[in-house]
Amino acid sequence: MRISLDWLSTHLDLAGRSIREIDALLTDAGIEVEGIETRGVASERIVVARILEAVQHPNADRLKVTQVDAGEGAPRQIVCGARNYQVGDKVPCALPGAELPGGFVIREAVMRKVESRGMLCSASEIGLPEGEDGLLILPEEAEIGRPVMEYFDSDVLLDLEVTPNRADLLSHSGLARELAALLDTPLKESPNAVAIPMAPAASVRLDAPDDCAFYSLIRISGVKVGESPDWLKRRLESIGLRPIHNVVDVTNFVLHELGQPLHAFDAAKVDGGVVVRRATDGEAFHALDGSTHRLDSSDLLISDASGSALALAGVMGGLASGVTAATTDILLESAWFRPQGIRATSRRTGLSSDSSYRFERGVDPAGVIAAASLAVRLILETAGGTAETVIGTAGDPPVVTRPVTLDLVKLDQLTGGSIAHDEAARILRRLGLEPLDGGGWNVPSHRADLQRHIDLVEEIVRVAGLAAIPSRTVGFAMPSSPVDVAADADRVLRQRLAALGFHECQTIKLVSDVQLADALPLRALQQGDAIRVKLPLSEDHAVLRPSLVPGLVAAAARNLRHQAASLRLFELGRVFRHSGGGKARDQESETLAFLLSGECAPTGWSRSRRDADVYDLKGVLEAMLPKRGVRLVPRERTGFALACDIKAGDQNIGVFARLLPARERSLDAVAPVFVAELDLVKLRKLIAAPAAVVELPQFPGSSRDVAMEVPTSLANAEIEQAIAAHNEPLLVDSVCFDVFADPDGVRLAADRKSLAYRFHYRAADRTLTSAEVDAAHQGVLRLLEQRLGVRFR
């Protein structure tokens, strides 16, 4: 909801209150300020000043040192860089403390060793439309020392997010009433207070009293529909409404002034009296916005005696009964409708308006006649005519509040006794409540949200301020739950992947049938394992994802289209599937997936391009799970060029694959695309497991290098497994540091390859002798020779 501070100031004296102060006050009171827009000159500390003198700055060619009269009794020195003024001109002067658009606050400063006690301003610098370059030259009749805002239209607009239970704040008078209570300041006397008398109307019939408890109607004859006066147009435009004509503009003004929706009918288009009834099933309604709707018996209609629909009650007027330029007589409606019915009709028809927004939250029954009376007065002022002497009514205003008792003992318990009982009572009076005998309080009709004792306590604390409540430590430590342990492990995984240059993604849980080809579940999918949506919104959202990889591949495609040179993406989330061809149904699990492709590091003059490969992916896994013995075990996967199971020790924890080259080309990838998906439950256990701590070595070690010739089909994992199985106590590390093969068979048989390994030996309690190292090394070589048929070169 938009609120104009200039409009608000007609109800409440806000002089001396800064925008920041009002923002903080509303926010602390539970009314969220979503935005602040300044129009025109907003600060009272921007005043009219006359330039008395201007001399060259001693240390700057483009600056001048001016002396100005700002109405303070003594000249003020200000350094200025503008050139378009003359001595004697009147210009805007921002005094220290003035806040300019954008939040810039003027302070006294020293500019090139010369004191400057303010700022002389251009039009754009104080929030006015941009004019000529340089200072804004004010008219000679402008009074020195007066705020510049008095000579220009200025305003501050607040965008407020009002909670659904505070319908009383959906108007300028309602918000003014709230601010008056928060600031403990009186409201200004309102000219809207005179109400027109009311009497039962024979021309109004209530056929649905449960949905419309109170309805009023008054006839105004001889009006002249035309353009609204400037003040009314400015009020509406300030909150973003477009003026239409005087009658409609008055109803819109009253809506935002008092919070009570009104509607005006062309009396010539109403046959007989007005009937408030339920619609018949299938009845057509042609709305003011040109749309047509089929209603049902739950919708409330305003019709005439002939049955013709005039308006969809509380939501929108009808196209045929609206006021036009030819209208001379109008019927002005003001009513109270049941909020639940208006909400249901608005949702079902898709029609929404400022009126329905307020009716469905509940308007003040006591404001029905007050709003009609104000609208009548304004219509007579802006459109002429004569009004009936009484407002015709049907039904009675409903009672929406009841007395509530404030339990002072519980108030003290909840506030720690920090708010005195007299102060609590004073706050409730400021909010419009009246004390009753026995500790009860009479709640005003506009505060239907106050129903219980705790509601009164909340209001007291809200107005007094949470800062008035002393803080107390009442919490205590709780043992970690499985949920806590899982969250901690997930945070560690995220931190480690982020440190490795990965970016977290959050993709939608629904994928298309086409995307299933990219799925890399921990167990291969069979026919019938995918969980399909019965009524998908689109073909792209037809299947619950069985794997996180399709979402990452789609994200990679979007990044590649934006010329991303390096892709490092990951996601933690849930996946869904059946199992065994659909025999075991609705299985849900958590996995972690990541995607790796493109440059390992930015290419530069000192570094040529190197794209990520399978060894980089294995390095990521080892960095995620240090000292867990990560291995890749080849296993074919349909639809992928290369695939492996990922093992940590003897435990299978996930799957790795490279996309087919054809799929990579379809993504516009110029480098291989590697993906992996891991069981998140197993990862969490590995992360949470105690880490082995090894003492720093006290004695030096010794290394031996060896070149071995093996079949090209022999995987490095088999060599690592054989070395681990040997369990040589002195062997602390082994690494393959070179691989050679000759596909032509010239220097080495085409079916053979040469591997170079480095073995490192060390004892924890002594320095090894050469003989000990040689003996241990020969034992490792014999093992490799016997188990794998290795030939040493």
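The model is a predicted one. Its largest pocket has a volume of about 1,500 Å³, and its salt bridges number 56.

**The largest pocket**

- A total of 36 residues line the largest pocket, and the closest to its centre are Lys-618, Glu-622, Val-630, Asn-716 and Glu-720.
- Two helices, H14 (614-624) and H17 (716-726), each supply at least two residues of this lining.
- The strands E35 (630-634), E36 (640-648), E40 (731-741) and E41 (752-761) likewise each supply at least two lining residues.
- Strand E40 gives the largest share of the lining, with seven residues.
- Sorted by class, the lining holds 22 nonpolar, five polar and nine charged residues.

- Strands E35 and E36, both of which contribute to the pocket lining, run antiparallel and are joined by five bridges.
- Within this pairing, Pro-634 has Cys-644 in E36 as its bridge partner.
- Five residues stand between the two strands of the hairpin, where Gly-639 takes a positive phi near 90 degrees.

**A sheet of three strands**

- In general, the strands of a sheet pair through backbone hydrogen bonds, and the pairing may be parallel or antiparallel.
- Here, an open sheet is formed by three strands in the order E26-E28-E27, with antiparallel pairing.
- Strand E26 (404-405) and strand E27 (434-435) are at the edges, and each has a single partner strand, so one side of each lacks a neighbour in the sheet.
- Strand E27 is joined by two bridges to the antiparallel strand E28 (residues 440-442).
- Glu-434 is placed opposite Asn-442 in E28.

**Salt bridges between separate elements**

- Arg-20 and Glu-99 form a salt bridge in which the closest N and O atoms are 3.7 Å apart.
- Because Arg-20 belongs to helix H2 (residues 19-28) and Glu-99 to strand E7 (residues 99-100), this pair ties together parts that are 79 residues apart in sequence.
- Arg-20 is exposed, at a relative accessible area of 51%, while Glu-99 is partly exposed, at 30% relative accessibility.
- A salt bridge also connects Glu-588 with Arg-574, and the closest N and O atoms are 3.1 Å apart.
- Glu-588 lies in strand E34 (residues 584-598) and Arg-574 in strand E33 (residues 566-579), so the pair ties together parts that are 14 residues apart in sequence.
- Both partners count as partly exposed: Glu-588 has a relative accessibility of 46%, and Arg-574 has a relative accessible area of 35%.
- Glu-709 and Arg-791 meet through their side chains in a salt bridge with an N to O distance of 2.6 Å.
- This pair links distant parts of the chain, 82 residues apart, with Glu-709 in strand E39 (residues 702-711) and Arg-791 in strand E42 (residues 791-792).
- Glu-709 has a relative accessible area of 12%, and it is therefore buried, the cut-off being under 20%.

**A network of salt bridges**

- Salt bridges with shared partners join Arg-166, Asp-168, Glu-178, Arg-447, Asp-449, Glu-459 and Arg-462 into one network.

Notes:
Residues are numbered from 1 along each chain as its sequence is written. This is a predicted model: local features need pLDDT of at least 70, side-chain atom pairs count only at pLDDT 80 or more; totals for chains, interfaces and linings use all residues. Side-chain values use heavy atoms; hydrogens and water are left out. On a 1 Å grid over the protein atoms alone, a cavity is a set of points where a 1.4 Å probe fits but cannot get out, and a pocket is an open set with protein on both sides within 12 Å along at least five of seven lines; lining residues have an atom within 4 Å of a point. Grid points are joined across faces, edges and corners, and a volume is the space filled by probe spheres set on the points. Helices (H or I, at least four residues) and strands (E, at least two) are DSSP runs, numbered from the N terminus. Ala, Val, Leu, Ile, Met, Phe, Trp, Tyr, Cys and Pro count as nonpolar, Asp, Glu, Lys and Arg as charged, and the others, Gly among them, as polar. Two strands pair if DSSP finds at least two bridges between them. A salt bridge is a side-chain nitrogen of Lys or Arg within 4 Å of a carboxyl oxygen of Asp or Glu. Buried means under 20% relative accessible area, exposed over 50%, partly exposed in between (1.4 Å probe, protein chains only).
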